[in-house]
Amino acid sequence: MERLEKKIREGYRVEYDEAVELEKEWSTEELCTLAGRLRTVYTGNYLDTCSIMNARSGQCSENCKWCSQSMFHKTDIDIYPLVGMAEALEMARHNTAKGVRRFSLVTSGRTMSDRDVDRCAAIYRAIGRECDIYLCASMGLLGREQLQRLYDSGVRRYHCNLETAPSYFPEVCTTHTSQEKMQTIRWAMEVGMEVCSGGIIGMGETMTQRIELAVTLAGMGIKSIPVNILNPVKGTALENMPPLTDVEILRTVAMFRIINPDAHIRFAGGRNLIKHLEPALLHSGISASIVGDMLTTSGADIDTDKALFKKEGFTI
């Protein structure tokens, strides 16, 4: 462990074949200990917080098997068009007052029209004038010029999850591809944005495919990686997917940190399923968190989260 940690600190990066062997041969304690050490080295005890607002909900044209917002599924979610300026400003002010570092509008759907991108850009400009908070966006497969307009409005980070390993993605979605997602990520980087991209674990993929996802993200230079735990929603194609074990989750998070030592590995969706495991995960590679509600499922109260992070030795 000490030899591998030293190599990684000197710039060495664990690639796919080695990562697969590492995961097979090392105990959970060993993986989590190394991940915790690397987190301390690269991100310290600072925990990066962000909050998301479900700014357009439901009626998505894509057939993602996990998603309650897909028009292919019959789920009990609220459906509404793009939110207005006042509502978005109120949410941004609330998160700023709570000390949250980043704020993102998240919209359902494959992409956005130019008109709606311009409406969002106006919202971001207003937030930038009133709030001291870092601006992010998650709006699907936008084009380069649309991303440029968001950047010009003050957005500095774009979120576009790869969701799962490229080799497994066709099993959970056929209306768009991993390659299309990667193109959006490249365009976001070209206009000057940082990128947040991760995935969902527990959709039937193997551990080696989770490692494939982690290695793919490392190869793209992603520095913010949300790890969502599948929360099976009644009415979706994955409603009967069995839950992951605690050990699987711990080992997965640890491997994401070992493969991406200098990235923020982020709590994201499905936190209601792992409350009992969060303290251990905070010492197994996690260095960031989405706080507040998680789109269509309830997240965690911001003040409760802050108390947990402080208790475990973190500052925000």
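Predicted model: local features only at pLDDT ≥ 70, side-chain atom pairs only at ≥ 80, totals over all residues.
Q: Where is the place of Lys310?
A: Lys310 sits in helix α12 (residues 302–311). Helices here are DSSP runs of H or I with at least four residues, strands are E runs of at least two, and both are numbered from the N terminus. Residues are numbered from 1 along each chain as its sequence is written, and side-chain values use heavy atoms, with hydrogens and water left out.

Q: What makes Lys310 exposed?
A: Its relative accessible area is 66%. The cut-offs are under 20% for buried, over 50% for exposed and partly exposed in between (1.4 Å probe, protein chains only), so Lys310 counts as exposed.

Q: Is Glu205 buried or exposed?
A: Glu205 has a relative accessible area of 6%, so it goes down as buried. You'll find it in the loop between β6 (199–201) and α9 (207–219). Leaving out residues up to four places away in sequence, Glu205 touches Thr164, Tyr168, Ile200 and Arg210, where contact means heavy atoms within 4.5 Å.

Q: What is the phi of Gln59, and of Glu163?
A: Gln59 has a positive phi of about 60 degrees without being a glycine, and Glu163, also not a glycine, has a positive phi of about 80 degrees. Most residues other than glycine have a negative phi. Gln59 is in the loop between β1 (48–56) and α4 (85–97), and its 62% relative accessibility makes it exposed. Glu163 is in the loop between β4 (157–159) and α7 (169–172), and at 11% it is buried.

Q: What makes α3 and α10 oblique to each other?
A: The axes of α3 (residues 28–43) and α10 come within 8 Å and cross at roughly 40 degrees. Axes are lines fitted to C-alpha atoms, for helices over the stretch in contact, with angles from 0 to 180 degrees between N-to-C directions. Under 35 degrees is roughly parallel, over 145 roughly antiparallel, 65 to 115 roughly perpendicular, and the rest oblique, so this pair is oblique. The contact includes Leu31 and Leu38 of α3, and Leu250 and Ile258 of α10.

Q: Which hand does the crossing have where α3 passes α10, and where α4 passes α5?
A: α3 passes α10 left-handed, while α4 passes α5 right-handed. Left-handed means the near helix is turned anticlockwise from the far one by less than a right angle, and right-handed means clockwise.

Q: Which residues have the most contacts inside the largest nonpolar core?
A: They are Leu105, Met139, Leu150, Tyr158 and Ile258, in a core of 82 residues. Helix α10 (residues 246–259) gives the most to this core, with eight residues. A nonpolar core is a set of buried Ala, Val, Leu, Ile, Met, Phe, Trp, Tyr and Cys residues joined through side-chain atoms within 4.5 Å. Beyond its neighbours within four places in sequence, Leu150 is in contact with residues including Val117, Met139, Tyr158 and Met193. A second, separate core has 11 residues, among them Tyr168, Phe169, Met203 and Leu230.
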